Amino acid sequence: MKRFFAILAAMYLLVSVIDGAEPLYHTIEIDALSLEGLTRLLESGIALEGAEMLTENRMRLILSENEIRWLEDEKYVFELIQYDMSSFYASRLTTPAKDDFASGSMGGNFTFAETVDLLDQYRSDFPHIFSEKMSIGTSVEGRQIWAIKISDNPDIDENEPEILFTGLHHAREPQSLMTLIYLMDYIAAEYPHNSKIKHLVDYREIWIVPVLNPDGYVYNQNIAPNGGGMHRKNRKSNGCTGTEMGTDLNRNYGYKWAFNNNGSSGNPCEQTYRGLSAFSEPETDYLRQFIESRNFVNAMNYHSYGNLMLYPFGYSSSAQMPLADLEIFQMIAETIESMNGYTAQPSHNLYPTNGGSDDWIYGSKGIFAFTGEIGSYSDGFWPATSRIEPLAEENLEPNLYFISIAGANIAFKRLFLASGSFLTIGDTTELSVTLENSGLDSPKGGAVIRFSSPHSELAFFPEKIDIAYLAPRSENSFKTKLLVNNQNLIGQEIIVEILLEYEDLILSRHFSLIPGEPIIVQTYDAESGLSPWSGHWLIGNTGYNSSHGYDDSPNANYQDSRISVLNSPAITIPDSGLPLITFFAQWDIEEEKDWAQLAMSIDDGVSWQKMALPSMTAGSGRAMQALGEFGWSGKSYGWLPQVLLLDEALQGASVQFRFSLSSDRNINSPGYIFDDFSIGWIEKAELPPGDINGDGITDEADYELLMRHILRFTKLDPACFLMADLNQDGRLNILDIIIFKKIVE
Ligand SMILES: [Ca+2]
Ligand SMILES: [Ca+2]
Ligand SMILES: [Ca+2]
Ligand SMILES: [Ca+2]
Ligand SMILES: [Zn+2]
């Protein structure tokens, strides 16, 4: 390994000739790092943010020359990886195009002054959802620390769950600011036409403090006007100069402040200097007052870098919190991890910190506080200009989720029809809907479930369920009964629509069922091996009411960049009645990009026709989802019955089915499972002519239905319409009435 001395000596020369220059920062890798060496490192006051263990005893980190000198004195073994990070970062920052998102003058990053202008711009462009910027106090050098609120009626303090976002605790982490500006831009643009965003704005109060440390950020602008400045702390005068001046704001909070010297430093020139006392710094003290003046449910403090989603505690690995709180922290952090891949973990897992923001915000105030460390080492403190928007974008979905869960966050979890896909004429069957509220509050004003169908012949008891209270972080099931009395509907596909309404948000689920009692001639239940099915898919140990199912990737996520298939054997379609296929399926597949599909071949696998089922979604046109085709993506939330009606012309034919799962090059999920793949048929009822209501006799009741349709009081179901169209001319009129009269005479 190359030693460092020669380079270091050259470096000192360089520094000494530039009068008053800032110390340089370099990326180094420490090797042969022992536990004892790590402990000394922790106690040194070096900032380990972004530091990474590359192997068990090799650590990569960014240090100032003074810190590197200290490493040498302490006999660490290390290697230079990247010289002068400030210049290195600056070399990747370019002048952005005016209409790019990242159009600030520091290589795309907005300066403090530009950020203040943006806050004014939001207010003047969107005064109905952005508040006037408000100062929560002034910094060491007298700059305003601005906050802005996003909500409906932004000038009124309404009783809505409050969320806090902060950026730039540390001055050299501009991606924290850019991520919040991206969020504000997105909300402003989407609010008028995106019901989910409108819900978040109208039913929450979103507070953003984009620049907590304006002095440090402006200092970086002064020493590196085009970006790349390496100052971290605030600008409190403490006898040190340059980037060694100031207090580490994220070690100055008042919960276990100065707990020990591992997680903060008492030496003013060190990067993790904690200040003279808890909240000795105006920036942290004003944020404290601001937090205490409000009612935040959760708080997200953005930093960079490390691809991490951290939660308390930071001060000690033996710190305890109530299990119920820990579960909430884990749920939120792990959900975010599933969205952007950031590692969810308690802050102390990485390295101890005391006096950190989250320990106080949670430990003293009971607010669920997180630290998001955006980006990887290759992005670093000043990501390349082209990386600013992608890094902000990868935190958009997590941020919207974070806003949502401060209140109610409700989704359909399971739908279950007791009779599977079928409904015996004249019998009621139970439909149960399970809702999950993963949010931290019950929906404001409760929730409503409505059941409906475009087929007026399908009745629900009840049609509407009012839910006054839906406990935070709970699952609840609600039931209705379904009834079809009309035998004309046997073998008709009937769509059931379930609407969930809460806080002015409407979520819907659809599924289809078929009135009638099918005769199943064959079922493949996956209980005795894959054969006679064949392909890439396997038998997994998750089945529908059984222990096995057909599974694209048992107990694992599907692979990237792959199309895997499962072919059925040749299947002979029954030669009577209405032929159909029925099965149960569950899936969890990357939405919009990947999907599972079902195809059928009637020519021994020469050509395949893609099927469309009501539980599928239309192709997005992105990644694997072809426009004009249908497939399963997103989540089924448990088993959903599936039924596929086949053309009567296929009676007696030999056909083959093929399931496929197509994945793009990134993000994979558990995949697709189906079970009890059955072939059967339904016999249509033999009804007398004119029996519109399908009760077996033609009488006054049918006449009334016919008249009501002709007089446009009600509209007949298509199947009933066919029954009423006695002269079979495709319309209902006086001619049908004349024939009807003759029938009942
Ligand atoms: Ca409001
Ligand atoms: Ca099975
Ligand atoms: Ca009748
Ligand atoms: Ca007619
Ligand atoms: Zn930071």
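Is N727 buried, exposed or partly exposed, and what is its relative accessible area? N727 is partly exposed, with a relative accessible area of 27%, where buried means under 20% relative accessible area, exposed over 50% and partly exposed in between (1.4 Å probe, protein chains only).

The views below come from a predicted model, in which local features need pLDDT of at least 70, side-chain atom pairs count only at pLDDT 80 or more, and totals for chains, interfaces and linings use all residues. Residues are numbered from 1 along each chain as its sequence is written, chains are lettered from A and ligands numbered from 1 in the order in which they are written, and side-chain values use heavy atoms, with hydrogens and water left out.

**View 1. The site of the calcium ion (ligand 4).** D729 is partly exposed, because its relative accessible area is 29%.

**View 2. The site of the calcium ion (ligand 3).** Here D691 (OD), N693 (OD1), D695 (OD), I697 (O), D702 (OD) and D702 (OD) are the protein donors, lying 1.9 to 2.9 Å from the ion, and the donor residues are spaced D-x1-N-x1-D-x1-I-x4-D in sequence. The arrangement is irregular because the 6 donor atoms subtend angles of 48 to 167°. I697 counts as partly exposed at 48% relative accessibility, whereas D702 counts as buried at 0%.

**View 3. Helix 14 (residues 700-710) and helix 16 (residues 734-744).** The axes, which are lines fitted to C-alpha atoms over the stretch in contact, come within 11 Å and cross at roughly 170°. The two helices are therefore roughly antiparallel to each other, a term for angles over 145 degrees. D702, Y703, L706, M707 and I710 in helix 14 meet D736, I737, F740 and K741 in helix 16, contact meaning heavy atoms within 4.5 Å.

Key
Donors are N, O and S atoms within 2.8 Å of the metal (3.2 Å for Na, K and Ca); water is not among the atoms, so sites may look incomplete. Four donors count as tetrahedral if all angles lie between 85 and 135 degrees; four count as square planar and six as octahedral if opposite donors are over 155 degrees apart and all others between 65 and 115; anything else is irregular. Axes are lines fitted to C-alpha atoms, for helices over the stretch in contact, and angles run from 0 to 180 degrees between N-to-C directions. Helices (H or I, at least four residues) and strands (E, at least two) are DSSP runs, numbered from the N terminus. Angles under 35 degrees count as roughly parallel, over 145 as roughly antiparallel, 65 to 115 as roughly perpendicular and the rest as oblique.
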